[in-house]
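Here's a quick briefing to read alongside the coordinates.

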Amino acid sequence: MATREELVDALAGFTLFGDLTRPQLTSVVHLMEEVLFAEGERVLRQGLTGSGFFVVLDGEASVVVDGTERAKLTRGDFFGEASILLGQPPIADVVALRPLQCLVLPGPQLEQFLIANPRVLYRMLQAQTRRLQSAQRFRS
Amino acid sequence: MTVGVPGQPFPAGAYPVVVIGSGPGGLQVSHALAEVGIDHAVISQDPSPGGMFRRWPFFQRLLSWTKPHAPVERGTRAYERYDWNSLLTMRASAQALQPTFMDGSSYFPSRPEMEANLAAFTERARIAVRYGCTWTGTRVEERAGATTFVVETSDGEYRCRVLVLAVGVAEPHVPDAPGIELAHHYGEVKPAEAYAGKRVLILGKQNSGFELASGLLPWARQIVLSSPSPASLSVDTRSLVGVRARYVQPYEDHVLGGGVSVLNAATGSIEQLPDGVLRAHLHRSDGGGDLVIDADAIIAATGFTAPLLDLPRLGCQVFGASRLPVQTPWWESATLPGVFFAGTLGQGARGLRKHGIPSNSGAVHGARYNARVLARRLAENRFGMGIHRPVVEPETLIDFLSSEIADAPELFHQRAYLARVISVDPAGGLRDDGVQPLAHAVDAGGPNAIFVTLEADGSGAIYPVLYTRIDGAVNEHPLEPDPLLRYDTAETRGAIASVVGPLLKASGISPPAS
């Protein structure tokens, strides 16, 4: 459990939110909801609609596709945006490996949030481009 | 030694289950436990039943409706959709009590009407509570692999294996900011006329903030509502998320320039000027410059937290601004097994929260069903009591699912949260496993099964969703929404049949003749 001030401090250190002013970060903390998932709990469910956009504050999670772990997520990572942007169910499970503290934004609010925060949108685009680049390197 | 008022039930001692709280959550879970035959004690620090409704909402009118005249007959299961405030019982004399206490002036009961409803339910459902018994601390004793909770109270010590907390989310929460002590909390607001001709700054733009603003419109000279994120309105989110329609008037005054201002700003600090005026320094979060607001009164409508006393120290992990306990789908502490939550505390079991829409566990009309599901779960898993799982004939399955979609109040009020589960019995045939948390049904694995619920996606539609579990794989099958919510139809039954067919085939059960 963190105070709102501590959450603002945490977000300020994440690349995704690195360009926001402190009042803007406070607004993000108020808009998103802090949640804590117990060890082993599913956060995203492969194939099920209606999920959200998550930012990891603390803990560790596993990205699992058809039962195989593909990646791990830790503090500062974010997930869930791809299925929201594409309007499709997630293609992976995300499972908490230990208690996982996140901020979550409901899927239907992501578009408006990104339009209202273009610097976050730009940082997200950078991160997605990096992911794409490393996936292409992996393939070649 | 037993202390307390002579003749009170439940003297200190050992009980299989101890329930703390006598608001709607405590009353409902106690009655649900009694209905499945689990012996338990109920203790409460209050002098009478009702919990928060003994005092709040501040302006004495609820946010949750009860329609005395509904499309279905009062007292039926289907009527529960229209009556959000009565507690649940199989005892006919205690069913649908709220409409009998309403005077016709509003379909939102007044606070005294709700309190009367809860008191009558307590009496007619014969719920015993030890009042005036204050929970002061908790110990955990481990002996021979078994955990015993020792509940310390003003009337002595209670020992139990299962502790159910229904103490609400009632502790005022005040955010950190220099000078915030100059503000008073929602819970300390004075009578409305005390604000006549005053300038009032309300910190917080959720229902409680807008409720105060609505009530102060005829009195205050100026009202400013401020919080960092924009106001969210339920008519925009098409859900119970956001400010309810009843409290939107101040927002309209704001957009029409009528003496109310709604700001997106973080509170920097508050100071008192020599003339007694309160000055708030606000930092706008929408890109504008800083603001200085002078007010005669500042009210922090900044929410409430869960009064869990020493449980976090014992390992009960909490999260979020309301410090809700982290829970399993069955409302058990995820980190302190044996401690369960009823009433509004059950919000900590978030469920799938599909499309960002929360359960209604924070309100009576959601939590009352959780209590029933919890009681059944405790009976089966904690007390080894056989729970009747009726056989469902394949020929009746489609009609049964269709009628549940059309009428079941659990699925209507707890959308994407509670589901009716029909599973394939390893011994053959189909069994009705009752209403369960959808998160459990989806995540826990098990035999082939079908579970049905209602869902909403924020577009305004409410539609049935069927989930099948075949060889461990769970798939969802949303049905087309009907604008009049008519789901007991040939069209719905046809859609259900197309989902049920493959499940029965995969389970070696002959599908019903079409």
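Helix α6 of chain B covers residues 364–381, and its 18 residues at 1.5 Å each should span 26 Å. The end C-alpha atoms sit 25 Å apart, so the length agrees with that expectation. Keep in mind that this is a predicted model.

**Helix α6 of chain B**
- How many residues of α6(B) are buried? The count is 15 of 18, so the helix is largely enclosed by the rest of the structure.

**Chain A as a whole**
- Chain A has five helices and eight strands.
- Reading from the N terminus, its elements go α-α-β-β-β-β-β-β-α-β-β-α-α.
- For 140 residues, a compact globule would come out with a radius of gyration near 14 Å; chain A has 15 Å, which agrees.
- The C-alpha trace of chain A spans about 40 × 35 × 25 Å along its principal axes.
- Of its 140 residues, 40% count as buried.
- If you look at contacts in chain A with a separation of 6 or more, 71% of them link residues 24 or more positions apart.

**The seven-stranded sheet**
- Chain B has an open sheet of seven strands, ordered β9-β15-β10-β11-β12-β13-β14, and the pairing is mixed.
- Its edge strands are β9 (184–185) and β14 (291–295) of chain B, each of which pairs on one side only.
- Inside that order, strand β10 (residues 199–203) of chain B runs parallel to strand β11 (residues 222–227) of chain B, with five bridges between them.

**A closer look at B:Thr153**
- B:Thr153 belongs to strand β5 (residues 146–153) of chain B.
- Is B:Thr153 buried or exposed? It has 21 C-beta neighbours inside 10 Å, and the cut-off for buried is 20 or more, so B:Thr153 counts as buried.
- B:Cys133 is 20 residues away along the chain, yet its C-alpha atom is 6.3 Å from that of B:Thr153.
- Leaving out residues up to four places away in sequence, B:Thr153 touches B:Ile43, B:Cys133, B:Thr134, B:Trp135, B:Thr136 and B:Tyr158.

Notes: Residues are numbered from 1 along each chain as its sequence is written. Chains are lettered from A and ligands numbered from 1 in the order in which they are written. This is a predicted model: local features need pLDDT of at least 70, side-chain atom pairs count only at pLDDT 80 or more; totals for chains, interfaces and linings use all residues. Helices (H or I, at least four residues) and strands (E, at least two) are DSSP runs, numbered from the N terminus. The expected span of a helix is 1.5 Å times one less than its number of residues. A residue is buried if 20 or more other C-beta atoms lie within 10 Å of its own, exposed if 12 or fewer, and partly exposed in between; C-beta atoms are placed from the backbone. The radius of gyration is taken over C-alpha atoms; the globule rule is 2.2 Å times the number of residues to the power 0.38. Two residues are in contact if their C-beta atoms, placed from the backbone, lie within 7 Å. Two strands pair if DSSP finds at least two bridges between them.
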